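Me: I would like to learn how to read aromatic pairs in a protein model. Please show me the structure first.

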Amino acid sequence: MNFCSECGEKVRFAVPQGDDRPRYLCDACGVVHYQNPRIVAGTLPVSGSKVLLCRRAIAPRKGYWTLPAGYMENAETTQQAAVRETREEACADVALANLYTLIDLPHINQVYMIFRADLIGGFDAGAESEEVALFEEHEIPWDALAFPTIEETLRHYYADRGNRLFPLHIGTITPEDRERYFGSA
């Protein structure tokens, strides 16, 4: 950031008085520009014993499989974002159950919030998906999953499914975890 989005003057990167970390500061108008993590909201859509996955048509990880998820927009709830992303990527309607995984990725300033959901009706590839399909557990393309957050969510689901208890799982993806997917974090 070079210029203030409020007044257009140059900003500097420094620790504001009373704060504990550097921020972009505008000395001209006094605005402190906070930069916060982005929330990725999505669903784990289930139909019977199958899970719905989308093959990505966009970077990053084009051609790899993921759950329908994406960045939350302003003026929407996390639940609304999860439902919207599912419609956009899989042309699918879902009935949300519980928040299922909450995964921090502090090294890239993201927080994933994946809701367990029941698939209602059909599905099709949206603009950001090459293909959308239902998978039994033994059919999951484990070596072709797009992100470690998706693998972690699916592994929790299959571990929990036998008990029919689906508690909230909270976790953290480290740079080392991401390295398996991206080469270097």
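Reply: Start with Tyr24, which counts as buried at 18% relative accessibility; buried means under 20% relative accessible area, exposed over 50%, and partly exposed in between (1.4 Å probe, protein chains only). This is a predicted model: local features need pLDDT of at least 70, side-chain atom pairs count only at pLDDT 80 or more, and totals for chains, interfaces and linings use all residues. Residues are numbered from 1 along each chain as its sequence is written, and side-chain values use heavy atoms, with hydrogens and water left out.

Me: Is Phe13 buried or exposed?

Reply: Phe13 is exposed, with a relative accessible area of 51%.

Me: How is a pair of aromatic rings described?

Reply: By the distance of the centres and the angle of the planes. Rings of Phe, Tyr and Trp (its six-membered ring) pair if their centres lie within 6.5 Å; planes under 30 degrees apart count as stacked, over 60 as edge-to-face and the rest as tilted. The structure holds six aromatic pairs. One of them, Phe13 with Tyr24, is tilted, at 4.7 Å centre to centre and 45° between the planes. Phe13 lies in strand β1 and Tyr24 in strand β2, so the pair ties together parts eleven residues apart in sequence. Strands (E, at least two residues) are DSSP runs, numbered from the N terminus.

Me: Which pair is edge-to-face?

Reply: Tyr157 and Tyr158 form such a pair, 5.2 Å centre to centre with 65° between the planes. Both Tyr157 and Tyr158 are buried.

Technical notes
Helix = DSSP H or I, 4+ residues; strand = E, 2+ residues; numbered from the N terminus.
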